[in-house]
Amino acid sequence: MATPDETGALLQKIAGGCCLSFDRIYRRTSRHLLAVILRLNGHRGESEELLQETFLKVWKESWRFDPLRSTGNTWLTVLARNTALDSLRRRHARPKFNAAADAETSEPDVLGHVESPSRPAAESFDAKALSFHIASSLRELDPKLRQCVCLAFFSGLSHAEIAVQLDMPLGTVKSRVRRSLVQLKQPLLMFA
């Protein structure tokens, strides 16, 4: 891991848009930050995604680093820790999906999320038509694909969370979500 002064200097350069500094800080700190996240999370695949999320925050929020308040290493460690804790909070706040339930019978409640009393009637009608079309398109998907895409978009689970929930490899989840989106894209283009 880089020394505090080196890390802080790199963070300040990243705030100025320096890609080379971002690469250097990643190479110097990613192993340590992954260990911090993994210690809290416990799942390797999800921890790797959280590390990626952490470094996205580093790129976007490095301007927040204040060398008078902490060292660069401390700032990065706290950022990684908070990213992992936020993920744990999200996981516990979501209802668990029953993976044993038949995918044919578990339809997403698309229509229930659309109606709002504050919407004008025409807008509400358009939203209902879109929701009906989405639900119809989802029913046409293979049940395995539908299960993954519904968990991702209606339950808000990350790919890693879906993999854990369904006890399947992360790559399988990613490919199923991707194939679902490709199949759903064509029927939904008429609403674009």
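## A partly exposed leucine

Leu-181 has a relative accessibility of 35% and therefore counts as partly exposed, a class that lies between buried (under 20% relative accessible area) and exposed (over 50%), with a 1.4 Å probe and protein chains only. The residue sits in helix α8, residues 170-188, where helices are DSSP runs of H or I with at least four residues, numbered from the N terminus. Together with Phe-153 and Phe-154, Leu-181 forms a nonpolar patch on the surface, and the three have about 280 Å² of accessible area together. The areas come from the Shrake-Rupley method with a 1.4 Å probe.

## How the model is read

This is a predicted model, in which local features need pLDDT of at least 70 and side-chain atom pairs count only at pLDDT 80 or more, whereas totals for chains, interfaces and linings use all residues. Residues are numbered from 1 along each chain as its sequence is written, and side-chain values use heavy atoms, with hydrogens and water left out.

## The nonpolar cores

A nonpolar core is a set of buried Ala, Val, Leu, Ile, Met, Phe, Trp, Tyr and Cys residues joined through side-chain atoms within 4.5 Å. The largest one has 17 residues, of which Leu-11, Ile-25, Val-58, Trp-75 and Leu-76 touch the most other members. Helices α1 (4-15), α2 (19-41), α3 (44-61) and α4 (72-93) each supply at least two residues of this core, and α4 gives the largest share, five residues. A second, separate core has ten residues, including Ala-152, Ile-162, Ala-163 and Met-168.

Ser-87, in helix α4, is buried because its relative accessible area is 1%. Leaving out residues up to four places away in sequence, Ser-87 touches Asn-41, Glu-46, Leu-50 and Glu-161, a contact being heavy atoms within 4.5 Å. Glu-161 is itself one of the buried residues of helix α7 (residues 159-166), along with Ala-160, Ile-162, Ala-163 and Leu-166. After α7 comes Asp-167, with a positive phi near 55°.

## Two cysteines without a bond

The whole structure holds zero disulfides, a disulfide being a pair of cysteine sulfur atoms within 2.5 Å. The sulfur of Cys-148 has its closest cysteine sulfur in Cys-150, 9.5 Å away, which is too far for a bond. Cys-148 is buried, with a relative accessible area of 0%, and Cys-150 also counts as buried, at 10% relative accessibility.

Conventions: Patches are made of residues with over 30% relative accessible area and no salt bridge: like charges are joined within 9 Å, nonpolar side chains (Val, Leu, Ile, Met, Phe, Trp, Tyr) within 5 Å. A salt bridge is a side-chain nitrogen of Lys or Arg within 4 Å of a carboxyl oxygen of Asp or Glu.
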